[in-house]
Amino acid sequence: MFSFLKSNETKYYTIPQIDLSRKPRDIHPRFDYLYSISTVDDSKAYLGHPDSILLNNGDILTFYPEGHGKGKIIAKRSTDGGVTYTDGLKNIPASWADSLETPTVFRLKFTDGSEKLILISGNPKWPSMPTPLGFNCSVSDDDGETWSEFERFFDKDSSFPVCPIVSMASLIHLKENGKFVDKWLGIFHDNHFINYKTVLTFENGKMHWSTPEKYLSNYRETEKKIGVCEVCAIRSDKGYGDRICLIARANKKRSNSILFISDDEGKTWSKPKFLPTALNGERHKAVYLPDGRLYITFRSIILSKSEVKKQRKNLGEHNWYSEGLVAWVGTFDDIVNLREGQYRIKLAHTYLPKQSEPSIVANADTGYCGSIVLSDGTVVTSSYGIFFTDEKEHGVYNTDKGRQKRKTCVISKRVNVNDTDELVSKR
C-alpha cells in the first residue's frame, strides 16, 4: 500500500514563480504582451473548462461548455495566434447542444499520413438530470471545418456501461515494437475515483473503443483514499520516447499530486509517488516546447501547513489554498525524478469574491486549459475563471455553480518562454 506521510510537513516550492498578473513599472515594452489577457468569450455569467487544438493552417479552435461542465459546446476561432477570437464553426453539430461534460479535443496522426481531429464529451451524473452514461465522440476529417454528430460509447444500454468524468482527460498515441501504430490510449475516471483506460482504433473508417479496464487496480486503496483523477499522460522525448508518465490530481486534498510511470505502453504502472509542491494541482495539461522542455498548466493547490497558516486571513478554515492558474516549466526528467523543475508562472489572477487586486491567494475555480504551441514557440493557453473585478450593478448572476456577482469567462494568454527565461534570470 502507498504510505501516507501524515506526520511530515508538505514542503512549499522553492523554485521562482513569475507573476504575470502584476506588470512591473520598469518592464521593457517587449514584455508587455505577457501581462495582457485576451478574452475568448465573456457573453454569459459562467463559461468554463476549455480545450484547444492548433489547425494545420495556423488557426486555433477553442471549445468549452456553456456552463460548469455541462452545457452546449461553444467553439471559437483565433486566426492571429490567440490575440482575438471570433465564432469558430459555421455548422456546429446539433448533438453538441446536449453535452453533459467539459469537451476534450485531440489530433490523431495515422501511420499512412492522414489525420483526424476528435472531440470527446462524457455523460456523468448531475443532480436532477437524466444521463445516458458513456461518452460521446465527434470526428473531423477536414482539419476542423466540419464535425460528425456525436457517437456514444459504453452507455447504459451497452454491455459495459460507465459513468465517466473528464473523458478523455488524456489520449496518447501508442507504440508496438517501438513504432507508433494506429492506436490511442484514452483515460478517464468515474465518481468512485476508479480510473479506466480504453484503446481507440479505426476499422474501415469506423471508430472503435476497447472495453474499459481498471488500470490502477493494484493501487485501489491509494486511488480511492487520495481521489486519483483527471490524469495527464506525457510521453518522454518530446512525445516520441518509450516511457509514459501520468500526473494525477489528488482530489481529496490529502496529498500532493501523484506520479505513475509505465515502460510498456500503459500495460503496467509503477508504484505511485508524491510530486513536489511545484507541480501540485489539478487538471494538468502538458505541451512540449521546441527546445524539449515541458510547459504544464494546472490549477495550483498549496497544502504546505506553514504557507496555509501564513495566508489564513484570506482563507477561512480551509486546510489548503490555490494560487490560481499556473504554468510549470521543466523537463520530463525533472518529473520522473521528483525534482521541482525550473520555474513557475502565474498566468493571470482569478479573483475571490472580496478581492479587488491580485494576491498570492486566488480563486480555485480555474485551471482546466487548452494549450497549443505556435511555430515560433509561443504557447497559447485558454482557460476559465473570474479574471476581472467588474460586478453586476444590481443583484447577482444565478449560475449552475451558484450565485456570483462577477462573470466567469474564457480567456487566453500568450507566453514565449524565451521571454520568461529572461525575466527569471534577472530576478
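Is Arg 293 buried or exposed in this predicted model? Arg 293 counts as buried, because its relative accessibility is 10%, which is under the 20% cut-off.

**Salt bridges**

The side chain of Arg 293 meets that of Asp 421 in a salt bridge, with an N to O distance of 2.7 Å. The two residues belong to distant parts of the chain, 128 residues apart: Arg 293 lies in the loop between strand S20 (281-288) and strand S21 (294-302), while Asp 421 lies in helix H5. Asp 421 is partly exposed, with a relative accessible area of 23%.

Helix H5 (residues 417-425) also holds Glu 422. This residue forms a salt bridge with Arg 30, in which the closest N and O atoms are 2.6 Å apart. Arg 30 is in the loop between strand S1 (17-19) and strand S2 (38-41), so the pair ties together parts that are 392 residues apart in sequence. Glu 422 is partly exposed at 23% relative accessible area, and Arg 30 is partly exposed at 41%.

A further salt bridge joins the side chains of Asp 263 and Arg 243 at 2.7 Å, N to O. Asp 263 lies in the loop between strand S18 (258-262) and S19, and Arg 243 in the loop between helix H2 (236-239) and S17, so this pair ties together parts that are 20 residues apart in sequence. Arg 243 is partly exposed, with a relative accessible area of 31%.

The structure has a count of 31 salt bridges. Glu 230, Arg 249, Lys 253, Glu 282 and Arg 299 are linked in a network of such bridges.

**Strand pairing**

Strand S13 (residues 195-203) is mostly covered, with 7 of its 9 residues buried.

| Partner of S13 | Bridges | A bridge pair |
|---|---|---|
| S12 (residues 179-189) | 6 bridges | Ile 187 and Lys 197 |
| S14 (residues 206-209) | 4 bridges | Thr 201 and His 208 |
| S15 (residues 213-214) | 2 bridges | Lys 197 and Glu 213 |

Two of these pairings involve hairpins. In the hairpin of S12 and S13, 5 residues lie between the strands, and Phe 193 takes a positive phi near 60 degrees. The hairpin of S13 and S14 has 2 residues between the strands, and there Asn 204 takes a positive phi near 55 degrees.

Elsewhere, 4 strands form an open sheet in the order S16-S17-S18-S19, with antiparallel pairing. Its edge strands, S16 (228-235) and S19 (273-274), each pair on one side only. S16 is joined to S17 (residues 244-250) by 6 bridges, and Ile 234 has Cys 245 in S17 as its bridge partner.

**Buried serine and cysteines**

Ser 167 lies in strand S11 (residues 165-176) and counts as buried, at 0% relative accessibility. A polar atom of the Ser 167 side chain is 3.5 Å from the backbone nitrogen of Gly 122. Apart from neighbours within four places in sequence, Ser 167 is in contact with Thr 104, Ile 120, Ser 121, Gly 122, Phe 135 and Phe 188.

The structure holds 0 disulfides. The sulfur of Cys 137 is too far for a bond because the closest cysteine sulfur, in Cys 163, is 16 Å away. For Cys 409, the closest cysteine sulfur is in Cys 369, at 13 Å, and is likewise too far for a bond. Cys 137 is buried, with a relative accessible area of 0%, and Cys 409 counts as buried at 1% relative accessibility.

Terms used:
Residues numbered from 1 in each chain as written. Predicted model: local features only at pLDDT ≥ 70, side-chain atom pairs only at ≥ 80, totals over all residues. Heavy atoms only, no water. Buried < 20%, exposed > 50% of the residue type's maximum accessible area, 1.4 Å probe, protein only. Polar contact = N/O pair within 3.5 Å; in protein donor to acceptor, adjacent residues only side chain to side chain. Contact = heavy atoms within 4.5 Å. Pairing = 2+ DSSP bridges. Disulfide = S-S within 2.5 Å. Salt bridge = Lys/Arg side-chain N within 4 Å of Asp/Glu carboxyl O.
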